[in-house]
Amino acid sequence: MIKKFLGRYAASFTLTTLVLLLVNIVIRVRLGDMIPFIAMVIGIALVALAITLSITLFKLDKPNALITTILGLVPLMAIPLILRIIYGVVIFRFTFVLFIAFALCALAYAVAVLVVASRYKKEAKDLNDLLK
Amino acid sequence: MKVELDQQQDIKELEIRIRYKERDQQFERLLAFIQAADQTIIGHQEDKTFVLRPGDILYFESVDDRVVAYTDKDTYTIKQRLYEIETMFPKPLFIRVSISFVLNVTKIAHFSSSINGRIEAELTNGDKILISRAYVPQLKEALGGRLK
């Protein structure tokens, strides 16, 4: 369980680092702003933790599929808040940007859930076909 | 598949002869099924000991430090470890589906998937067993042309 969690965390950390690095480059080139290094590192660690928690909760066996799917969304909702603390007014000058960020997180999660659900539905169908 | 039955008074023990063109999956499964029909496993219930036939067992589960065999009506504690059970019986009949379950594939009623990416096997007695993604390929292989 811990090994799996750490593996997911490592993957999330790498992905988050790459994405935020790209965002920082864009901010630097377009706006000329620099984001403090310490804030970035802590931010990346926290975002990665939120993603890992979300995946872990989503994949829980109990109590049931619907509850774990809803629970999986909760840690993701922290990501826009973490990003707001890191980037401040550079990105989140207007409140509606925060709401857009929330909506994007929820949308990304919904897409991920749909992809996973359809893939496993197909897998179950294949297995049922083999039973016939 | 054609089945011929031939009663003879002079033979000493039951004899099964299979005529085949090639040793394909169906052949291997049939062979495994016949071989398993003669096998038994010892199950314990408190201080009582029972002889169990593989065909009666729905699945084996590893619980804490022991292995439990589930039949339609009862549960029995088994001395063997789960990996030993896996190798004890012919492969296509009993198959590992997760870290703590070995399933009798002939007892699967149907499969279902859930929204959070889980596959469950519902057995003939209504029990639901979670299938690990890692074991799906070998389960598919075991089910290819399953014996009814």
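Two strands are taken to pair if DSSP finds at least two bridges between them. In this predicted model, strand β8 (residues 108-114) of chain B is joined to strand β9 (residues 118-123) of chain B by six bridges, and the two strands run antiparallel. Within this pairing, Ser112(B) is placed opposite Glu120(B) of β9(B). Three residues lie between the strands of the β8(B) and β9(B) hairpin, where Gly117(B) adopts a positive phi near 75°.

Elsewhere in chain B, strand β4 spans residues 66-71 and includes Thr71(B). The relative accessible area of Thr71(B) is 12%; since buried residues are those under 20%, Thr71(B) is classed as buried. When residues up to four places away in sequence are not counted, Thr71(B) touches Asp56(B), Ile57(B), Leu58(B), Tyr76(B) and Asn125(B).

A helix of chain A also meets a helix of chain B. The axes of helix α5 (residues 95-131) of chain A and helix α3 (residues 136-143) of chain B come within 9 Å of each other and cross at roughly 20°. Because angles under 35 degrees count as roughly parallel, α5(A) is described as roughly parallel to α3(B). The crossing of α5(A) and α3(B) is left-handed. On the side of α5(A), the contact involves Glu123(A), Asp126(A), Leu127(A), Leu130(A) and Leu131(A); on the side of α3(B), Val136(B), Leu139(B), Lys140(B) and Leu143(B) take part. Grouped by class, the residues in the contact of α5(A) with α3(B) comprise six nonpolar and three charged residues, with no polar ones.

Note on methods:
Residues are numbered from 1 along each chain as its sequence is written. Chains are lettered from A and ligands numbered from 1 in the order in which they are written. This is a predicted model: local features need pLDDT of at least 70, side-chain atom pairs count only at pLDDT 80 or more; totals for chains, interfaces and linings use all residues. Side-chain values use heavy atoms; hydrogens and water are left out. Helices (H or I, at least four residues) and strands (E, at least two) are DSSP runs, numbered from the N terminus. Buried means under 20% relative accessible area, exposed over 50%, partly exposed in between (1.4 Å probe, protein chains only). Contact means heavy atoms within 4.5 Å. Axes are lines fitted to C-alpha atoms, for helices over the stretch in contact, and angles run from 0 to 180 degrees between N-to-C directions. Angles under 35 degrees count as roughly parallel, over 145 as roughly antiparallel, 65 to 115 as roughly perpendicular and the rest as oblique. A crossing is left-handed if the near helix is turned anticlockwise from the far one by less than a right angle, and right-handed if clockwise. Ala, Val, Leu, Ile, Met, Phe, Trp, Tyr, Cys and Pro count as nonpolar, Asp, Glu, Lys and Arg as charged, and the others, Gly among them, as polar.
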